[in-house]
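Please look over the protein shown below. A short report on its fold, its core and its charged pairs follows the display.

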Amino acid sequence: MASKLGMVVLLISGLFAARCAAVVTTGEPVVAGLSWGFYDTSCPSVEGIVRWHVTEALRRDIGIAAGLVRIFFHDCFPQGCDASVLLTGSQSELGEIPNQTLRPSALKLIEDIRAAVHSACGAKVSCADITTLATRDAIVASGGPYFDVPLGRRDGLAPASSDKVGLLPAPFFDVPTLIQAFKDRNLDKTDLVALSGAHTIGLGHCGSFNDRFDGSKPIMDPVLVKKLQAKCAKDVPVNSVTQELDVRTPNAFDNKYYFDLIAKQGIFKSDQGLIEDAQTNRTAVRFALNQAAFFDQFARSMVKMSQMDVLTGNAGEIRNNCAAPNRRSSDLLNAADDDQGFAADA
């Protein structure tokens, strides 16, 4: 049975590689403790297992791709890529406003992959690394670039504080505020424009963009305003109505998001501002005209972000359940919540 599973994983991996829209070699420096072949000996099948599960999940629900990307970003930005956003319990980051709309099915997928990887290799691979690999594979499966990611992250023992979660850029930020938020996390203006391109897939809730309806700058296409106003008028209960962030190719990872901005059809204020502000306009236009340039920079920026404040070596732990710290550190969360997991989408 194990050998048959291995053959299936290898087959899926080969087909996956063949379908890649682009392969990007980033050349980004690797922080101490991470390496490109970290699991070559301890769990050589990890990437194939992750890829198989992601491919199957997206075959059933392509929206999980954007869900994984958002989880990855919301994990890394506050206190580093340590899978802390996956923790449940009374102090969970999932209760914070920016994280309340993270997709439950994507959270569950990460734990399902963790279980499969640990079944194959033992508790050798962290939830943080699984999240990183699953995000990369979701991008590729949606049509985006393939890029290698260094591995060896360890899982955090506790959630990020409310103050740290508050560092996440908001959809109503203007460009100067965005630039400062990214600079505070050692990401530059080019990273900002490239990583914002992840909005080529995914959804926004009405409450995150209804500030665009009043005619204030940056201006939204009037035809789109009328359409979204009518749509959001039915938003009862609040934030139950969603809108694709890329009005052209909402389920394909491509550069059409930047075409949306040129046509004043960016959904979030933070998106539309990228084409309006002189500090980011040139890069946004370049990505609109050259998808290869966007893919190349997006891959570089993702690898860069994936190494922010990582735990390596003996720091942190390898969780036995992505939703809970291991028992020896359970005093960091309410013990009653330790056995919680991720529910399926309602």
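The report starts with the model itself and then moves from the core to individual contacts.

## Model and confidence

This is a predicted model, in which local features need pLDDT of at least 70, side-chain atom pairs count only at pLDDT 80 or more, and totals for chains, interfaces and linings use all residues. Residues are numbered from 1 along each chain as its sequence is written, and side-chain values use heavy atoms, with hydrogens and water left out.

pLDDT is the predictor's confidence in each residue, from 0 to 100. Its mean over the protein is 91, and 88% of the residues reach 70 or more. Residues 1–5 stay under 50. The model has 0 contacts beyond four places in sequence for residues 1–5, where contact means heavy atoms within 4.5 Å. Where pLDDT is low, the predicted coordinates should not be read in detail.

## Overall build

The protein has 13 helices and 4 strands. Helices (H or I, at least four residues) and strands (E, at least two) are DSSP runs, numbered from the N terminus. Of the 346 residues, 53% are buried. Buried means under 20% relative accessible area, exposed over 50%, and partly exposed in between (1.4 Å probe, protein chains only).

Take the contacts between residues at least 6 apart in sequence: 77% of them join residues at least 24 apart. The protein exposes about 15000 Å², with carbon and sulfur atoms supplying 55% of that area. Accessible areas come from the Shrake-Rupley method with a 1.4 Å probe; for residues, only the protein chains shown count as cover.

## The nonpolar cores

A nonpolar core is a set of buried Ala, Val, Leu, Ile, Met, Phe, Trp, Tyr and Cys residues joined through side-chain atoms within 4.5 Å. The largest one holds 80 residues, and Leu-86, Val-117 and Tyr-258 touch the most other members. Helix α3 (residues 63–79) gives the largest share of this core, 10 residues. A second, separate core has 12 residues, including Phe-213, Met-220, Val-225 and Phe-268.

What does Tyr-258 contact, leaving aside its neighbours within four places in sequence? The partners are Val-193, Ala-194, Gly-197, Ala-284, Phe-287, Ala-288 and Phe-294. Thr-280 sits in the loop between α11 (269–276) and α12 (281–289). Its relative accessible area is 0%, so Thr-280 is buried. Beyond residues up to four places away in sequence, Thr-280 touches Val-175, Leu-192, Val-193, Gly-273 and Leu-274.

In α3, 16 of the 17 residues are buried, so the helix is largely enclosed by the rest of the structure. Gly-80 follows α3 and has a positive phi, near 105°.

Helix α4 (residues 104–121) has 18 residues and should span 26 Å at 1.5 Å a residue; its end C-alpha atoms are 26 Å apart, which agrees. The expected span is 1.5 Å times one less than the number of residues. Buried residues of α4 include Leu-107, Ile-110, Arg-114, Val-117 and Cys-121. The buried residues of α4 pack against α2 (46–60), α3 and α5 (127–141). Just after α4, Gly-122 takes a positive phi of about 85°.

## Salt bridges

The whole structure contains 15 salt bridges. Each is a side-chain nitrogen of Lys or Arg within 4 Å of a carboxyl oxygen of Asp or Glu. Asp-112 and Lys-108 form one at 3.0 Å, N to O. Both lie in α4, 4 residues apart, about one turn of the helix. An α-helix has 3.6 residues a turn, so residues three or four places apart point the same way. Asp-112 is partly exposed at 33%, and Lys-108 is partly exposed at 33%.

Arg-185 and Asp-309 pair at 2.9 Å, N to O. This pair links distant parts of the chain, 124 residues apart: Arg-185 lies in the loop between α7 (175–183) and α8 (189–196), and Asp-309 in the segment after α13 (291–305). Arg-185 is buried at 11%, whereas Asp-309 is partly exposed at 45%. Arg-248 and Asp-260 meet at 2.6 Å, N to O. Arg-248 lies in the loop between β4 (242–244) and α10 (256–262) and Asp-260 in α10, so the pair ties together parts 12 residues apart in sequence. Arg-248 is partly exposed at 39%; Asp-260 is buried at 0%. Salt bridges that share partners also join Glu-47, Arg-51, Arg-136 and Asp-137 into one network.
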